[in-house]
Each structure stands twice: as structure tokens, then as C-alpha cells.
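Subject: Two-chain model, handover and notes

Hello,

Please find the model below, with my notes after it. Cut-offs are given where each term comes up.

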Amino acid sequence: MLEGWVRIPSGCAIAGIINQNGQAFSGEMIARAMTVMHDRSNGLGGGFAGYGIYPEMKEAYAFHVLAQDKTGISQVDELFKENFTVILKEPLPTRRTAGVAGTPFLMRYFLQPQKENADADQLVAATTLQINKHIGGTFVLSGAKNMGVFKGVGYPEDIAAFFRLDEYKGYLWTGHGRFPTNTPGWWGGAHPFSLLDVTLVHNGEISSYGANRRYLESQGYHMTLQTDSEAIAYACDFLHRRHQLPWEIIAKVFAPPHWWEIDRMPAEERELAVALRRTYGSLLMNGPFSIIVGFAGGMMALNDRLKLRSLVAAQNEEWVFVASEEAAIRAVCPEPESVWYPKGGEAVIQLVKENVECHAA
Amino acid sequence: MQTQLIDACGLHYQSLNAYIRKAAGNGFQHYTLRNVNGQRFIGAGLSRSIRITIHGTPGNNLAAMLDGAHIEVFGNAQDGVGNTMNDGRVIIHGNASDTVGYGMRGGEIYIRGRVGCRVGIHMKAGLEKSPVIVVGGSAGDFLGEYMAGGCIVLLGENLTPAESVGKYIGTGMHGGTIYIRGEVPRDRLSQEVKVEYVRFEEDVKLQECLEPFAKAFAETFRFTEAFSKITPVGHRPFGSLYAH
């Protein structure tokens with residue numbers, strides 16, 4: 001039976017775990033949380049983002065690249081040589097796993113920009129978008145310092161085993177189990193989506209995709225991964241890196257208060273809300289969504305303003321958890337100190353404490 | 001009566017529910033489930049005289065289409081508790097998240113703690129049955145959305161009404177009643193509802209809803225403030241929306 005011929009009642013699964021003290025923990029933990037939500041996915045996409053996973057190489061840009069054929073890899077090699085020194089190139093470690101088939105070529109690079117004074121982040125972002133757009137069948141899973149994305153076609157727990165997540169340690173992990181509804185299930189289309197250190201896992205759909213996409217394209221972002229979720233990742237990069245907006249404000253761009261609420265705000269607050277809607281109205285994300293944005297040093301979880309998808313948060317000592325289901329949190333933290341249900345448009349933003357040295361930012 | 005003890009640790013929901021249904025068919029009526037974590041549809045469709053006690057975090061759609069059974073949860077429940085429930089009783093000692101009582105048409109749900117969004121969405125009553133949901137703590141947005149019948153009571157323990165309720169209460173509501181302890185700020189209510197204030201001692205329906213709740217959690221009530229009683233303005237809130 002082919003996808004689309006049979007209805008499987010399901011929805012995507014997302015989860016995020018952060019240690020505020022910046023202590024690294026095994027990727028096995030996020031895999032265990034995702035396993036509990038197995039039935040939210042249908043085996044057509046699973047993926048993870050880990051932060052702080054390459055401490056020995058934390059000054060280099062780590063690139064995870066997938067290619068359908070070796071020509072793609074050679075083209076990527078050529079492109080990297082133009083602007084970067086390749087410190088290390090190796091196959092991304094994997095293990096044979098039942099339930100993961102049709103594996104593309106998966107490579108890992110550690111790169112150093114050749115020109116020291118140039119805007120390295122801009123160069124890395126441009127290189128990422130260039131590979132995705134111009135090298136056929138070849139896509140960047142992630143390209144940033146001290147982090148990486150691991151994703152593919154399969155259930156999340158199988159993808160975790162395949163990429164040997166238990167062998168990595170990071171201070172922040174996010175995970176996604178996919179139930180593709182409108183677009184194909186393929187390796188590049190699995191979540192997380194990333195640009196530089198920003199990663200995005202998403203449950204839902206963006207009905208404002210057309211408007212969001214047009215705006216982002218006018219700002220130099222090209223949608224190549226055949227899903228609406230990709231647009232949110234680029235919108236995060238645009239607002240956070242290029243426009244330097246804090247995450248609290250970005251949440252208000254994606255899920256702004258309604259006009260009737262703005263009308264009732266105190267003058268100063270109203271002025272800000274109106275300015276954001278006027279300036280970034282094209283990045284308002286309509287439609288049902290719960291998302292977790294990962295970035296160097298923290299994460300943000302957010303629901304659409306009408307709260308049309310599941311999201312639960314919990315805290316225990318220096319740990320903060322967010323997930324589609326409470327059971328996912330309890331699988332790795334049986335008795336959290338607090339559990340709460342964020343309201344629509346109410347962001348959960350959790351940063352690593354400032355004085356700890358674990359992230360690249 | 002013998003109680004079946006089931007360790008649900010690592011059990012898939014289909015195995016767990018199939019086991020309960022089979023045992024129920026063989027005449028077992030009491031079940032205690034331990035180490036429940038995320039298993040969906042527990043108790044789905046089970047009828048009268050079945051009793052299930054759950055320790056842990058039952059998964060989505062607990063007591064879906066419940067048809068008379070009694071379920072008690074020592075822990076938090078997830079989304080969709082009592083989805084399309086027809087009859088029976090669900091008691092939750094912790095919280096529940098979104099869409100409690102989705103399309104519920106009969107039976108009772110008592111929740112000691114907080115609830116998420118869209119509680120009582122599409123709840124309805126018929127000639128013989130009228131569903132009841134009572135929540136001890138706070139509720140998220142869209143309480144009683146498209147509500148067509150039955151009764152929701154929100155007690156908001158230790159909270160002011162502004163803290164205990166979300167926005168858009170009774171959006172699209174066209175039947176039934178929502179009681180909320182204290183005076184709910186007008187801007188939290190949808191345009192489809194009206195509000196009046198009643199005292200607990202004078203409202204028989206409210207007392208009837210709270211009596212089993214008090215019993216389930218061994219509570220005694222003494223309310224100093226009035227309840228906001230929220231009812232729909234009309235039976236067809238969107239009747240003229242698309243008529244030109």
C-alpha cells in the first residue's frame with residue numbers, strides 16, 4: 001500500500017531537551033523521549049539536532065551533507081575549496097539499522113573560512129543555500145559551529161540508531177517524527193531544517209506559506225526542500241541573525257496578538273506590537289503549528305496563536321523539556337518539578353546560563 | 001471482585017487495550033494499570049460496570065467513546081480525554097491538556113488540576129443525556145468552543161478569574177452552560193455568549209455538577225463569591241455569517 005492510499009490517524013511529534021548548566025548529555029535521551037511518541041509518526045521522516053556535540057572542533061564549521069550520488073559530493077568538495085580550508089572530510093558515522101533503507105551518501109566536513117575578516121556566518125549561509133539550490137540531489141543537513149543535524153526517512157528511534165546518536169553528547173537536543181501530509185517523505189525533507197546554527201522542528205502546517213515564501217525569496221532565501229517548515233527556519237535566520245531581533249520578539253512576529261488585543265494594550269506595548277505587524281507582517285505564520293527552534297545556547301518552543309497543536313513543557317532542576325506529549329518528557333524525567341501547557345503564541349524560551357562555556361555563540 | 005493488575009511498562013497501546021477488552025469479555029471488571037506512559041485510547045468504548053484505575057500518564061484520547069465504564073487516573077492525562085464519550089465517569093487527580101470532552105454527548109469528567117485549550121469543544125446534550133466537565137484549576141483558551149449542550153464548571157482554585165480562564169470563552173457556543181467561579185473579565189468572552197451571576201447556594205444545577213466532584217476528591221466547598229454563568233445568546237451564532 002502506498003503513502004496516501006491508506007489513512008493513518010497521526011500527527012508529527014516534536015521534543016526538545018536542554019541542560020541550562022550546559023552539561024552535555026547523550027543523544028540517547030532525546031531518542032528515548034521520541035520513541036514514546038512512535039505512533040505520531042508514520043516512518044517517512046525522523047531527525048534530530050544536537051548542540052555542543054563537537055567540542056574538539058568547536059571553532060570549525062561542521063557540515064553534514066547528503067548526496068544522491070558521488071558527483072554531488074565532488075561538486076560540494078569543489079565549492080568548499082573556493083572559500084574554505086577543509087580540516088577534515090569523512091563519512092558521517094552510521095550503523096546498519098532495520099527500518100532505514102535507501103540511504104544516500106552522508107558526509108561530514110569541518111571547515112575553516114580562508115579569509116579571516118570576512119563575515120564567516122554570511123559566507124556559510126550563502127554556501128548552504130547555494131548547495132541546496134544548485135547541486136542536484138545534494139543538500140546540507142546542517143552547517144554551523146559545534147552542532148549537527150541527523151535526519152532521514154524512517155521512524156525517529158531508527159534514525160537515532162542509524163546515526164549512532166548514543167555516541168554524541170550535547171547540552172541541547174531537539175527531535176522530530178514526521179507524518180508528512182502535503183509533501184513527500186524524503187531524506188532532505190525530514191526535520192530539523194537548518195541554516196547556520198538555527199534548527200527548526202515543526203508539527204503542523206503553515207497556511208501562510210505563499211506569503212512567507214515570497215517575502216523570504218525577496219530577501220535571498222530559496223525554498224528547495226519541498227516543505228513549508230523550511231520557510232520558518234529561514235525566517236528565524238533572517239530575523240535573528242540578519243535583523244538581530246531577540247527570540248521574544250521573533251515569537252511575536254510569528255504569532256502576534258490579534259488586533260483587538262493590540263487595541264487594548266498600554267501605549268508603549270501597543271506601539272511595539274503595531275510596529276512589528278507593519279514591518280514583519282509577511283512573516284506572520286498562519287495555520288496550526290507547534291515548533292521548537294534550536295540555536296547555539298538555547299531553544300524556543302512556540303504554538304500558533306490559536307493553539308491548534310499539542311505542546312507540553314516541564315522543568316526539573318537545571319533541565320527544561322518541551323514535547324508534543326507529556327509521556328515523552330516522563331520517559332526521560334519521570335517526576336518533573338513542574339509541568340505546564342503553554343498557551344497559543346506564548347513562547348517557551350530557555351537559554352543556557354551565561355557563564356557556562358559550552359556553545360559556539 | 002478480583003482486580004486485574006497490569007504492568008503497562010513498554011506495552012504498545014494496541015496490546016494493552018486488546019488485553020483489557022478480551023479480559024472484559026471474559027467477565028473481569030476491575031483493572032489497575034501501573035507504569036502507564038503515553039498509551040492511547042485506554043478504556044475506549046468500554047461499557048458499564050468496568051472499572052479502570054490508572055497510575056502514570058495515559059496517552060491521548062483516554063476514555064474515547066466511553067460507554068459507561070469508570071476510569072480514575074492518578075497522574076496527568078494528555079489530549080482528548082473523553083473524546084466522543086457517551087456515558088460513564090472519568091476522574092483525574094492531576095491535569096489534562098487540550099480538547100477534554102471533545103464532542104462528548106454524555107457522562108462526566110472530573111479533573112482536579114488544570115486543563116489546556118478547547119475543553120468541551122463541540123460538547124452536546126440530547127433528550128436523555130447531558131455531559132458534565134468539572135475542572136478544579138485553570139483552563140486555556142477557547143473553553144466551550146462550539147459548545148452545543150451540557151455543562152462545564154471551572155473552579156480556578158486559588159486563582160482570580162482573570163488567571164483561571166483563557167481567551168475566547170464560548171466561541172461559537174450555541175447550547176449548554178459554562179460556570180466559572182468569580183467574575184470573568186468581559187473581554188475573555190466571545191460575542192456569542194451572555195453572562196449572569198449566580199450564587200452556589202441558589203443554583204441547583206451547579207450544585208448537582210459539583211457534588212460528585214467533591215466526593216471524588218474528598219473536598220468540601222464554601223464559595224464566598226458568585227459564579228459567572230455563561231450561556232449562548234442564540235442557537236445559531238453564525239446563522240447570518242455567510243448569508244448575503
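What covers the buried residues of α2(A)? The cover includes β4 (61–67), β6 (105–113), α3 (120–134) and β7 (138–145) of chain A.

Before the rest, some conventions. This is a predicted model, in which local features need pLDDT of at least 70 and side-chain atom pairs count only at pLDDT 80 or more, while totals for chains, interfaces and linings use all residues. Residues are numbered from 1 along each chain as its sequence is written, and chains are lettered from A and ligands numbered from 1 in the order in which they are written. Helices (H or I, at least four residues) and strands (E, at least two) are DSSP runs numbered from the N terminus.

Chain A, helix α2

The buried residues of α2 (residues 70–83) of chain A are G72(A), I73(A) and V76(A); buried means 20 or more other C-beta atoms within 10 Å of a residue's own, exposed means 12 or fewer, and partly exposed is in between, with C-beta atoms placed from the backbone.

Chain A, helix α6 and its surroundings

Twelve of the 14 residues of α6(A) are buried, so this helix is largely enclosed by the rest of the structure. Among the buried ones are E230(A), D237(A) and H240(A). They pack against α3, β11 (193–195), β12 (198–204), α5 (209–218), α7 (247–254) and β13 (289–295) of chain A. The length of α6 (residues 229–242) of chain A agrees with expectation: at 1.5 Å a residue it should span 20 Å, and its end C-alpha atoms are 19 Å apart. The expected span is 1.5 Å times one less than the number of residues. After α6(A) comes Q244(A), with a positive phi near 60 degrees.

Strand β12(A) has seven of its seven residues buried, so it too is largely enclosed by the rest of the structure. It runs antiparallel to β11(A), with three bridges between them (strands pair if DSSP finds at least two bridges). In this pairing S194(A) stands opposite T199(A). The two strands form a hairpin with two residues between them, and L196(A) in the turn has a positive phi of about 50 degrees. β12(A) is also antiparallel to β13(A), over six bridges, where G204(A) has F289(A) as its bridge partner.

Chain B

Eleven strands of chain B form an open sheet of mixed pairing, in the order β1-β2-β3-β4-β5-β6-β7-β8-β9-β11-β10. Its edge strands, each pairing on one side only, are β1 (3–7) and β10 (193–198) of chain B. The twist averages 15 degrees from one strand to the next; axes are lines fitted to C-alpha atoms, for helices over the stretch in contact, and angles run from 0 to 180 degrees between N-to-C directions. Within the sheet, β8 (residues 148–154) and β9 (residues 175–181) of chain B pair in the parallel sense over five bridges, and C151(B) has T177(B) as its bridge partner in β9(B).

Between the chains

16 residues of chain A are in contact with 17 residues of chain B, contact meaning C-beta atoms, placed from the backbone, within 7 Å. On the side of chain A that touches chain B, the largest share, four residues, comes from helix α10 (residues 326–332) of chain A.

Regards

How values were computed
Two residues are in contact if their C-beta atoms, placed from the backbone, lie within 7 Å.
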